[in-house]
Amino acid sequence: MNNPLRRRRSLAAALTAALAVALAATLAACAADSSGSPSASQEATGPRPTAGDQLRLVLSRQLTSVNPHKGGSPDSQGAVVGSVYEALTAISPETEVVPSLATSWKQLSDLEWSFTIRTDAVFSDGTPLTADTIVWNFQQLLDPNYKGTSGAPLRKFVGSVTSPDPTTILFHLTAPAIDLPGRLWNDYIVDPTFAQSHNIDTESLGSGPYKIDQLDLENGATLSLNPHYAGPKPQFSSVKYTVLASEAQRVAAIQAGEADIVLNVEPLSLDAFEDSTTYDTILGVGPQPLVLAINEEKTGTPLADVRVRQALNYATDKKTIIHGLFKDAVEPLPGQVLFEPYQQEDPDVKAYPYDPKKAKKLLTEAGYADGFSLEVDVPSGTYVSADLASQAIAAQWAEVGVKLTITQTPFPAWIDRQYGDVQKGADLVYIMWGGQYRDGFQLFDPFTSDHIQSDVVAPTFDDLVRRLQAATDEKAQRELVDEAVQNYYDEAHTVFLYPSPFTAVISRAVTWEPRPSRYLYAQEVGRA
Amino acid sequence: MALLDARPAAPPTLTALVAWLRGLRLPLSPRYLGGRLLTGLVAVWGAVTLVFFALYSTGNPALLLVAPDAPPEEAERLTRLMGFDRPVPEQYVTFLGQVLRGNFPDSIRYGADPVPIALERLGASLELGAVGLTLGVLVGGTIGYLSATGRSVWTRRVPLSIAVALDGIPTFFFGILATLVLAVWLGWLPATGSTGPLGLVLPGLTLAVAFVPAVARVFRTALVDVLHADHVRTARATGIGRGRLLRRHVVGNSLGTTLNVVGIQAGVLLGGAVVTESIFGWPGIGQLSINAVQNRDYPLVIVCVLVIAVGFVLINLLVDVLAAVIEPRLRS
């Protein structure tokens, strides 16, 4: 699959206006044709800047730790950890599951998988990475008393991990998992001796392309090459990750020429770089769907009525929000959380159109002709333009008689409330769910009733997802996917909004295949 | 007569030296120091206790560690593993016991003793604070002096008006504005990170701007008060020159109040440079504490509060002593 994101180049200020406009129009058309992305593109001319000795990458959130067993957001330590450690599998920029420590894998039965591993992997201190090393790591992750948290999802379906010989790892499952390889991409492998004698929250020893020289969880990290790395040598011998948590900081860093790649810039801020001869910009579709998650479990909530949930979907004018805030970079979700170009959509299901009259009619049928009040929880500073988007939704819903109160809280408080008492939770939550790899039915997990952050009542959908995980026949899988999509649409268990926009500003001195999942791995950046 | 002049200029004999030291030791008497230290200790304990209950009653840090695709029981497991399932008073008693044994609970993010982590950052905060405070005191003091003693309306009003206008600009806005002008447009300074002495300029300047108005206003008021005092009128009647009058009889006697304000500002600096440190990525304790709050790293937050509170108490004690040394009237 082609990468859906393509760089767009800004026009050189030195060109004449007419030539610039003509060139921009031509290139915009070309780029649109080649990528299918709704984003326009412009090409800069003039001398290409030269990259310095050190690669400068910008992260938008502080690092929580560099513990390989604690996962990590793509916008913070996820990028650093993925440059230092290796896992059995990896996710390509095209969102495919690809080999990493494992060279191949196969499903031996419903409950057993075999992975063949490389024998040339070496930690940065020269210690070999063996099958026993991998088994020890998974033993830790599967231990319910272990402090590493990334093993928790595995414990749902992995019973044990063994190694019958130096090149084979066997996974013995307790429940079928057809997408097991994709679920292992961030279970990174650390040297057992090191892990037991060091604080791996702040110290690291991985087998990846880089090693950490300096770490400041608040401000970033400096990396240098792992001399024992078995893979292709990265093009930059030194890398500096800098945490710039605010939009203003990120924009200033670009304008001062102090960064090579910056992600998570507000779509409207990209206009500032239209005339830059130093930077290209990308505005495209990210792989994560944004929705308003519905609390159906609250006693006496009108949201228990399917007609009300459908009405809210009809009352939401997604296109206007996308046009005003995201510069038309994305399309409304097609009535499902699967969407092109990342997943195969169910073509029979389409987006709920904006139809306030129909919304009003449904509300009247449900007995809410006079409207009612709802509350939505929005995390501050987490999702692109979430505050403005929620205000727009509140205004749109007011037209059909639904008064939406917006509660904006810092991320920790936002999370707290979702894990807390369902009766005290908000009616709706503005949330983005991440599917990191294509064909991963993991994407359905957050929408099931038993998910840790879910408050829906969707027994039919739950059953379909369970059957899907156990399905081995490809045709049966597809039928179950379509059935699950149709069910969720009909029941309107969520308010479908739009995919997250993906934005990036990239120095012309470097090359980078845009990774829509936002993991900014240093080894994937080259010199132009 | 200026009180500074009342002190012996130099101890010519041993007896005179003892008398001179006694004069200085008055504010440093054990009773005075003991009282201040005890008050400070209670203040520190109060601050830490308040923050403890405010934090532990309002959220569970374990929830932030739960993987998004973890099973529902994972939140409960982590909460129990980290001990956050126990009643808050019980957690407080455990915490106090640990603190009294000098054994703070580990930082959730860093997985290590939070005391060295916080202390390691203190140096950067002090460095930034010293620059900001020095700049602020010099500029604020100059503006205050000019506005109180200037000969023309321009020198009396314009600098102070500018300082007062600066007071209305939020720190974050000034920081962004200074970055835009000095780093982005002019390219004189780095826009991100603490890259050597140059990296200190923008945050130092931003911090200084927060002090200038307060120092200028207080110093001006003190100067004006002293200028109208009886002893100054008397000194003026002796025919003393203006410059000498200001130096010997006015400025010194105006420093006490100003020093108190500077002391409070310096105390605030320890934890109050949060915004400046965050804007410029300055690796100080202010940035550490705000990030610890955002990540619900409660043990680290409490240690940051402890360090800041102790620093605040010590700075205020030092300022009180200095003020008493400079202005003996304050000793009573």
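**View 1. The second largest pocket of this predicted model**. The second largest pocket has a volume of about 700 Å³, where a pocket, on a 1 Å grid over the protein atoms alone, is an open set of points where a 1.4 Å probe fits, with protein on both sides within 12 Å along at least five of seven lines, and a volume is the space filled by probe spheres set on the points. Its lining (residues with an atom within 4 Å of a point) holds 32 residues, and A:K147, B:M82, B:D106, B:S107 and B:I108 lie nearest the centre. Helix 4 of chain B gives the largest share of this lining, four residues.

**View 2. Helix 14 of chain A, residues 474-491**. Helices here are DSSP runs of H or I with at least four residues, and strands are runs of E with at least two.

**View 3. Residues 37-56 of chain B**. An unreviewed UniProt entry places a "transmembrane region" here, an annotation that may be inferred rather than shown by experiment. The chain is 100% helix over these residues, with end C-alpha atoms 28 Å apart.

Residues are numbered from 1 along each chain as its sequence is written, and chains are lettered from A in the order in which they are written. In this predicted model local features need pLDDT of at least 70, side-chain atom pairs count only at pLDDT 80 or more, and totals for chains, interfaces and linings use all residues, while side-chain values use heavy atoms, without hydrogens and water.

Terms used
The expected span of a helix is 1.5 Å times one less than its number of residues.
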